[in-house]
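Trainee: I would like to learn how to read a structure like this one. Please show me where to begin.

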Amino acid sequence: MRRTASIGVAVLSTIIAGILLSVIGPGPAAFVEGLIKAATTPSLVSYSVIYAAILVAAASGLVLSYRAGLITIGVEAQVTASAVAALYALAYAGLGLPGALTLAAIVSLAIGIVIAALRVYLDVNEILSSLMINYIVLYMVNGLVSGPLREGAFTKTRSIEAFIGPLEAGLAAVSIVALSWILLERTSLGISLRASGPAPRAADIYTIGRARAMLLSSLPQSLAAAAAGLILLGGIQTVFTALKQPQGYGYAAVLVSWMAELSPTTLIPVSLFFAWIAGAGFILQAYGMPSSLVLLLQSIALAVYMVARRL
Amino acid sequence: MVEIVISAVLTTLIPLSLAALGEAVLERTGRVNLGVDGLMAVGAAVGALAGVETGSLLAGLAAGALAGGVGSLSYIILTDRLGVNMIVAGLLVFFAGIGLGDLVGSKIAGRPGPVLTSLYTTAATIGIAAAALHLILYNTVTGTALRVVGENPAAAEERGVPVWRLRLSAALVQGVSAGLAGYIMVAGLSYGKWYSGVTAGLGWVALGIVILGYWTPIGVLIASTAVSTVFSMRTQIAAATGIPPLADAIPYILVLILLAAGTHLYERIGLRPPASIWRRR
């Protein structure tokens with residue numbers, strides 16, 4: 001099935017699945033109400049645009065790594081760790097926005113390079129190593145929130161004023177997508193990245209080689225994840241509490257990148273759709289539905305899309 | 001004192017080894033299901049729902065196993081019948097399992113269900129199952145066929161080995177094991193009460209264990225025991241280091257270090273994992 005038709009089928013199936021699943025909770029009417037409100041209520045539209053920008057930024061980097069054959073899931077840790085690092089720079093160290101951006105980038109790069117280096121130099125499966133790192137970072141964040149960054153009686157950090165609105169977030173996301181596209185389509189590194197995944201032997205002979213392509217891809221990937229973390233902090237999550245589970249932004253970005261078939265330009269509509277579902281999920285949480293319902297619906301969208309594309 | 005320590009090790013060892021053993025069987029057929037943690041999550045929630053509603057541990061175990069089996073069936077249909085990339089399919093199962101698990105589990109969050117008390121019997125059963133699996137894999141025609149599928153499915157198909165049937169069976173074993181492991185985490189580790197995130201990412205640790213145990217049931221059991229022992233010492237580690245979150249992260253750090261050391265070592269000494277999956281060069 002053609003790509004547009006497949007996306008249409010995936011959107012429709014996800015809405016139907018959401019309606020069916022909400023029977024367990026507040027009922028189908030609540031889900032439909034959530035979808036309508038998410039698309040019409042100004043505050044929810046703002047939330048959805050910022051949420052989509054986070055996904056677009058994170059997935060723009062993933063596209064590069066995945067094209068190179070480095071299937072990292074560590075973006076989940078990178079987004080959260082970058083946001084916490086930026087929070088530290090802004091609310092504790094008084095380093096201002098440049099300092100926040102620098103610190104977020106350093107933290108994200110450290111995670112990204114470790115994953116890529118383990119894969120390239122020790123042949124460690126990057127999916128597993130990145131997932132282990134996701135949990136290690138989760139517990140480190142909890143350690144910081146309940147320790148050095150704790151503010152007051154409760155286990156939470158200092159909060160900051162939101163400094164990113166939907167317009168800034170949207171512009172940032174579009175710029176990052178554009179950079180990702182230019183890097184992939186208009187540079188010699190892009191040729192190496194695109195060759196490394198599907199044609200590794202050819203990449204080794206005719207380009208900079210698979211190993212270097214994977215290592216190099218982790219740099220822009222990490223920077224994009226850091227940008228996503230900064231958008232998360234400035235636009236949605238201005239304070240951190242202890243985390244029971246990974247937050248899910250990075251995981252959702254993984255789904256987005258696969259559903260966009262690793263094409264930077266397709267990331268935007270797919271992210272907006274995922275954000276719309278997240279907006280509806282936000283409403284349903286008020287009715288007692290778990291936040292991970294969003295993850296379930298997003299994975300249904302990808303599954304239907306994958307199947308539809310093969311028909 | 002010794003009994004307390006052994007119980008602490010067993011509460012992690014039982015679900016971890018169970019999930020890892022199932023995954024090892026599946027990986028021997030050349031399929032990696034990254035969704036182990038999702039299957040555990042859905043098994044935990046569905047099992048807990050059945051356990052709470054009926055008050056029966058057996059009903060909880062059966063429901064958990066069934067939920068895991070259905071989840072794994074979806075995975076193998078996606079990969080082998082619909083041609084979806086196995087990494088994407090595994091991640092889909094993970095995400096869907098977490099979401100579905102939370103959705104089902106939120107109905108019974110905090111409500112007490114039956115508790116698994118017979119840790120020794122359960123651990124012994126898993127030990128026997130691991131030994132039997134080892135024997136089957138390395139000493140029977142079915143086991144050889146299973147391993148051949150993991151080495152070269154096309155050649156196996158040509159020689160008349162029922163590739164799809166073997167993969168389907170292995171996937172069911174994997175799903176049922178993961179579902180059971182998930183519910184055992186509720187009934188054992190959290191004393192019958194379900195809560196969101198009850199699997200604590202142990203499904204991912206199980207995937208690492210399969211590599212550390214070198215895709216053999218006995219190896220998996222040894223690796224699970226080592227990691228569970230360290231994991232059970234997290235209270236002591238927290239007290240010694242004064243950093244409780246570091247203690248929580250210990251199993252993940254340990255698996256990461258062992259993967260870094262082990263994968264390299266396997267390459268150096270010429271050991272080869274099932275060819276159609278983990279061989280990267």
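Trainee: How many helices and strands are there in chain A?

Mentor: Helices (H or I, at least four residues) and strands (E, at least two) are DSSP runs, numbered from the N terminus. By that count chain A has 13 helices and zero strands. Before going on, note that this is a predicted model, in which local features need pLDDT of at least 70, side-chain atom pairs count only at pLDDT 80 or more, and totals for chains, interfaces and linings use all residues. Residues are numbered from 1 along each chain as its sequence is written, chains are lettered from A and ligands numbered from 1 in the order in which they are written, and side-chain values use heavy atoms, with hydrogens and water left out.

Trainee: What does the secondary structure of chain B come to?

Mentor: Chain B has 12 helices and zero strands.

Trainee: What is the radius of gyration of chain A, and what would a compact globule have?

Mentor: The radius is taken over C-alpha atoms, and the globule rule is 2.2 Å times the number of residues to the power 0.38. For the 311 residues of chain A the rule gives a value near 19 Å, and chain A has 19 Å, which agrees. Along the principal axes, the C-alpha atoms of chain A fill a box of roughly 60 × 55 × 35 Å, while the C-alpha trace of chain B spans about 55 × 40 × 30 Å.

Trainee: What percentage of the residues of chain A count as buried?

Mentor: Buried means under 20% relative accessible area, exposed over 50%, and partly exposed in between (1.4 Å probe, protein chains only). In chain A, 57% of the 311 residues count as buried; in chain B, 56% of the 281 residues do.

Trainee: Which residues does S299(A) touch?

Mentor: Contact means heavy atoms within 4.5 Å. Not counting residues up to four places away in sequence, S299(A) touches L255(A) in chain A, and L92(B), F95(B) and A96(B) in chain B. S299(A) sits in helix α13 of chain A, residues 293-309. Its relative accessibility is 2%, so S299(A) counts as buried.

Trainee: Where is T122(B), and is it buried or exposed?

Mentor: T122(B) belongs to helix α5 of chain B, residues 119-139. Its relative accessible area is 16%, so T122(B) is buried. Leaving out residues up to four places away in sequence, T122(B) touches I14(B) and L116(B).

Trainee: What share of the contacts in chain A join residues at least 24 apart?

Mentor: Among contacts in chain A between residues at least 6 apart in sequence, the share is 76%. In chain B, residues 24 or more positions apart account for 80% of the contacts with a separation of 6 or more.

Trainee: Where does UniProt place the feature "transmembrane region" in chain B?

Mentor: UniProt positions are given in the numbering used here, feature names are shortened, and annotations may be inferred rather than shown by experiment. The unreviewed UniProt entry places this feature at several spans of chain B, including residues 84-104 and 171-192. In the model, residues 84-104 of chain B are 90% helix and 0% strand, with end C-alpha atoms 27 Å apart. Residues 171-192 of chain B are 86% helix and 0% strand, and their end C-alpha atoms are 27 Å apart.
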